[in-house]
Structures are given as C-alpha cells and as structure tokens.
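Here is a walk through a protein model, meant to be read with the structure open beside you.

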Amino acid sequence: MEVNDNTLDVLSAYLLQTVSADSATRKSAEKFLHSVEEQANYGLLLLQLFTRQNSDPIVQLAAAVTFKNYVKRNWPVNEDETDRISPDDRATIKQHIVSVMLTCDNKLQRQLSDAISIIGKSDFPKLWPNLLPELVHFLKEFSSDFNKVNAILQTAHSLFKRYRHEFRTDELFTEIKYALETMAAPLTIRFKDIITLAGTHAENPAALQVLFGSLCLISKIFYSLNYQDLPEFFEDNMGTWMDSFHQLLTTNNKLLETGTDDEAGPLEKLKSQICDNVALYAHKYDEEFQPHLARFV
C-alpha cells in the first residue's frame with residue numbers, strides 16, 4: 001500500500017465504517033481491512049493515523065483497536081507458517097511505536113501499550129534490544145507529564161508481568177538480568193521522586209489520582225522483577241524500598257477515597273499491591289527481609 005494522503009483517507013473511511021450502527025456496513029469494512037492487512041505498509045499507515053493532523057478521534061480509536069488486533073493476529077509466526085509482515089515493516093513499526101504511543105491520549109495509549117506487549121512477547125529482548133532503553137529514556141525525559149509516565153510504566157508492567165508465571169530457565173534469568181540492569185536504578189529514582197511529588201500535591205485530587213496510579217504501576221513492576229529470585233540490586237536497596245512501602249501503607253488522604261465500598265480508590269489499590277510485595281519478600285526471602293519484617297506485622 002502506498003504511504004500517502006489518499007491511502008490514509010481510504011483507510012480512514014473504512015475504519016469509520018467499522019463503528020457503524022449498520023451491521024452490514026460494519027462487516028463489509030472489517031472484511032476489506034482484513035483483506036489488505038498483509039500488504040506492505042498496512043501497519044505503518046495505521047500508526048500514521050494516530051499522529052495525522054485533524055484526524056477524527058473515532059477513526060483514531062478504531063485504528064488503535066485494529067492495529068492491536070493486526071499485531072495479535074500476525075506478529076507471532078509459527079515454524080510452519082508464512083510471515084505475513086515484511087521485515088522492513090516489522091523494523092519500522094518497532095522503531096516508531098513507542099514515540100507514537102506517547103503522542104496519543106489515554107485510550108489510544110492503552111491499545112498501543114497492549115500492542116507493544118504482544119510484540120515484546122515475541123521479540124524482546126533479542127529482536128528488540130532498543131525497547132527497554134527507549135522506555136527508560138522517556139521515563140527520564142517526561143519528568144512532569146505523568147500521563148506519559150504512566151503509559152511508559154504500563155508498558156513496562158505488561159512486558160514484565162509474565163516473569164511471574166514463566167518456568168525458571170537460563171534464558172529467562174538472562175532476560176530478567178538485562179531488565180534489572182536497564183530498569184531497576186531509574187525505577188527506584190522515579191519511585192522516590194513521585195512519593196515526594198505526592199506529598200507536594202497532597203491537596204490536589206487530580207494530580208494525586210495520576211501520581212498514585214504511577215506508584216501502583218511501579219509497585220507492580222517491583223513485584224514482577226522480584227518474583228523469580230531476589231535481585232542483588234533490590235537486596236542492596238531493600239531499605240529504600242521498604243521505607244517507602246511502609247510510608248505509603250501508613251498514608252491516608254480522603255481525596256483518594258471513592259466514597260463507596262464497591263470500588264477501590266488509587267490509594268487502596270496501591271496499598272494492596274504493597275502488601276503483595278511485602279508478602280512476597282516475607283515468604284520467599286525471609287532471611288534477607290527479617291530486619292524489615294517487624295514494622296509490617
């Protein structure tokens with residue numbers, strides 16, 4: 001497919017039809033998009049719609065969902081299957097997808113974060129060595145835009161959470177070691193900085209919602225990176241993390257309450273994850289954790 005405005009207009013029209021109230025129109029558009037998805041540049045054109053000026057938000061959301069499903073169907077290739085995405089398209093998608101995600105609003109970011117996770121399951125780290133350094137770069141760069149920070153953290157969480165369920169192999173531990181070497185130190189710095197910011201914005205409910213969302217995502221990443229074994233970095237910095245966890249567990253702020261028993265607020269979600277983290281250490285790394293245990297009991 002040619003990468004030009006005309007092709008983008010055609011794709012936009014069909015994507016808009018995929019959300020039509022008319023079932024026949026919807027199915028016809030979906031059939032067309034499915035028929036062209038193996039053509040060169042298809043995935044790249046979908047990505048361009050996210051950053052195209054004056055693009056209809058409905059088209060952009062449809063493009064995000066379509067792109068994620070395209071990746072889900074076509075990115076993994078079994079040994080007896082033909083690769084339906086060209087090497088050039090694969091390389092270009094991986095080159096641009098993170099930066100494109102960070103230009104989008106929250107709804108689109110979540111779809112692209114899921115797509116990155118799907119690609120990462122197949123390619124990270126051997127076939128996508130730039131992914132983690134790129135995430136860390138943006139984690140440092142967007143020091144005050146926490147919607148972007150949370151998109152980065154959500155992507156990292158999606159990438160690492162499989163460590164909780166994988167069988168212990170040399171390959172897995174090599175990957176975790178690489179993740180730790182790249183992510184552990186900047187993650188620790190970011191965690192401490194955000195706790196400080198949360199104190200500064202203690203009277204700002206909108207800021208608190210986003211900041212405590214960041215803290216919860218970091219706590220989930222901590223759990224994944226520590227699940228298989230106790231990393232040397234986290235053992236050396238256990239005091240820093242446990243001091244922060246205890247501080248957050250003893251934090252209360254009515255601005256973070258939902259006002260209903262049916263829905264957990266961001267502080268309650270964070271405390272639940274911290275309890276999981278502490279329980280992990282108490283159960284698996286009891287000897288190393290012993291000096292910190294008493295204050296959590």
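A charge is said to sit over a ring when NZ of Lys or CZ of Arg is within 6 Å of the ring centre and within 35 degrees of the ring normal. Keep in mind that this is a predicted model. With that in hand, look at arginine 90: its charged end sits over the ring of tryptophan 75, 4.6 Å from the ring's centre. You'll find another such arrangement at tyrosine 227, where the charged end of lysine 284 sits over the ring, 4.6 Å from its centre.

Now for rings that meet rings. A pair of aromatic rings is described by the distance of the centres and the angle of the planes. Counting pairs with centres within 6.5 Å, you get 18 aromatic pairs here. Take phenylalanine 124 and tyrosine 178: their ring centres are 6.0 Å apart and their planes meet at 45 degrees, so this pair is tilted. The two partners come from distant parts of the chain, 54 residues apart, with phenylalanine 124 in the loop between helix H6 (106–123) and helix H7 (131–141) and tyrosine 178 in helix H9 (residues 170–200). Phenylalanine 124 has 5% relative accessibility, so it counts as buried, whereas tyrosine 178 counts as partly exposed because its value is 23%.

For a stacked pair, go to phenylalanine 222 and tyrosine 281, which lie 5.5 Å centre to centre with 25 degrees between the planes. Phenylalanine 222 belongs to helix H10 (residues 205–227) and tyrosine 281 to helix H13 (residues 266–284), so the pair ties together parts 59 residues apart in sequence. Both phenylalanine 222 and tyrosine 281 are buried. They also belong to a cluster linked by ring pairs, made up of Phe191, Phe222, Phe233, Phe234, Trp241, Phe245, Tyr281, Tyr285, Phe289 and Phe296.

Back at phenylalanine 124, check the backbone too. A cis peptide bond, with omega about 0 degrees, joins phenylalanine 124 to proline 125, and proline 125 is in the loop between H6 and H7. Other loops have backbone features to look at. Asparagine 41, in the loop between helix H2 (23–36) and helix H3 (42–51), has a phi near 80 degrees, which is positive in a residue other than glycine. Asparagine 54 also has a positive phi, near 65 degrees, and is found in the loop between H3 and helix H4 (57–74). With a relative accessible area of 80%, asparagine 54 is exposed.

Next, step into helix H6 and find serine 113. Is serine 113 buried or exposed? Its relative accessibility is 1%, so it counts as buried. The side chain of serine 113 makes a polar contact, at 3.0 Å, with the side chain of threonine 155. Leaving out residues up to four places away in sequence, serine 113 touches Met101, Ala151, Gln154, Thr155 and Ser158.

H6, H8, H10 and H13 each supply at least two of the lining residues, and H10 gives the largest share, seven residues.

Finish at phenylalanine 167, in the loop between helix H8 (146–160) and H9. Here the relative accessibility is 74%, so phenylalanine 167 counts as exposed. Its C-alpha atom is 43 Å from that of tyrosine 14, a residue 153 positions away along the chain.

Definitions and conventions:
Residues are numbered from 1 along each chain as its sequence is written. This is a predicted model: local features need pLDDT of at least 70, side-chain atom pairs count only at pLDDT 80 or more; totals for chains, interfaces and linings use all residues. Side-chain values use heavy atoms; hydrogens and water are left out. Rings of Phe, Tyr and Trp (its six-membered ring) pair if their centres lie within 6.5 Å; planes under 30 degrees apart count as stacked, over 60 as edge-to-face and the rest as tilted. Helices (H or I, at least four residues) and strands (E, at least two) are DSSP runs, numbered from the N terminus. Buried means under 20% relative accessible area, exposed over 50%, partly exposed in between (1.4 Å probe, protein chains only). A polar contact is a pair of N or O atoms within 3.5 Å; within protein, one must be able to donate a hydrogen and the other to accept it, and residues adjacent in sequence count only if both atoms are side-chain atoms. Contact means heavy atoms within 4.5 Å.
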